[in-house]
Amino acid sequence: MSKVIVLGVTGGIAAYKSAFLCSKLVQAGYDVRVVMTENAAKFVTPLTFRTLSRNPVTTSLWDEPEWKPEHVALANIADLFVVAPATANFLAKFASGIADDALSTFAATYGGMSLIAPAMNPAMWKNPACAANVETLKSRGVAFIGPECGHVACGEPGAGRMSEPEKIFAAVEDALR
């Protein structure tokens with residue numbers, strides 16, 4: 001039986017890279033279940049991830065393809081939770097236990113291994129509140145990959161670029177060993 005990876009996708013321009021990550025994970029034999037925020041769907045459509053993952057995509061708390069809520073069903077079968085990209089907004093929700101959409105509710109329900117790939121403007125990454133949220137999550141055993149230094153979509157240089165899909169894939173493989 002293949003390992004189940006829940007891939008969380010948040011609303012940042014780096015969401016397009018998550019499609020490559022999803023494809024790479026599926027090609028490696030993982031069962032990928034995608035949970036997207038409403039804002040993520042403005043950058044990459046759920047149809048893209050449904051096609052690449054070969055599974056339904058959860059975008060709302062009201063998506064219930066089975067008899068129990070999807071965030072609960074996924075939490076019971078997931079081997080790893082990967083969020084790529086992870087915005088500052090998602091990090092704040094995850095650190096605070098806020099559960100107001102499908103992705104943050106899954107995060108609040110899931111108790112297993114989590115791997116986060118942040119992506120945001122460098123000023124947001126350096127913000128003391130964001131740094132405190134990252135430290136809170138790390139203290140709870142959440143693993144991080146990135147962010148990388150370079151130019152982000154707005155053109156500013158600094159730490160904030162999401163790690164490349166190949167690097168995240170390697171971190172997934174390490175986490176599941």
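Strands E2 and E3 run parallel and are joined by two bridges. Strands here are DSSP runs of E with at least two residues, helices are runs of H or I with at least four, and both are numbered from the N terminus. Two strands count as paired if DSSP finds at least two bridges between them. Val34 stands opposite Val57 in E3. The model is predicted: local features need pLDDT of at least 70, side-chain atom pairs count only at pLDDT 80 or more, and totals for chains, interfaces and linings use all residues. Residues are numbered from 1 along each chain as its sequence is written, and side-chain values use heavy atoms, without hydrogens and water.

The open sheet holds six strands with parallel pairing, in the order E3-E2-E1-E4-E5-E6. Strand E3 (57-58) and strand E6 (143-144) are the edges; each has a single partner strand, so one side of each lacks a neighbour in the sheet.

The largest nonpolar core has 31 residues. Such a core is a set of buried Ala, Val, Leu, Ile, Met, Phe, Trp, Tyr and Cys residues joined through side-chain atoms within 4.5 Å. Buried means under 20% relative accessible area, exposed over 50%, and partly exposed in between (1.4 Å probe, protein chains only). Leu7, Val34, Phe49, Val82, Ile168 and Val172 touch the most other members. H1 supplies the largest share of this core, six residues. A second, separate core of 26 residues includes Ala75, Val83, Ala95 and Leu103.

Cys22 is buried, at a relative accessible area of 0%. Cys149 is exposed, at 63%.
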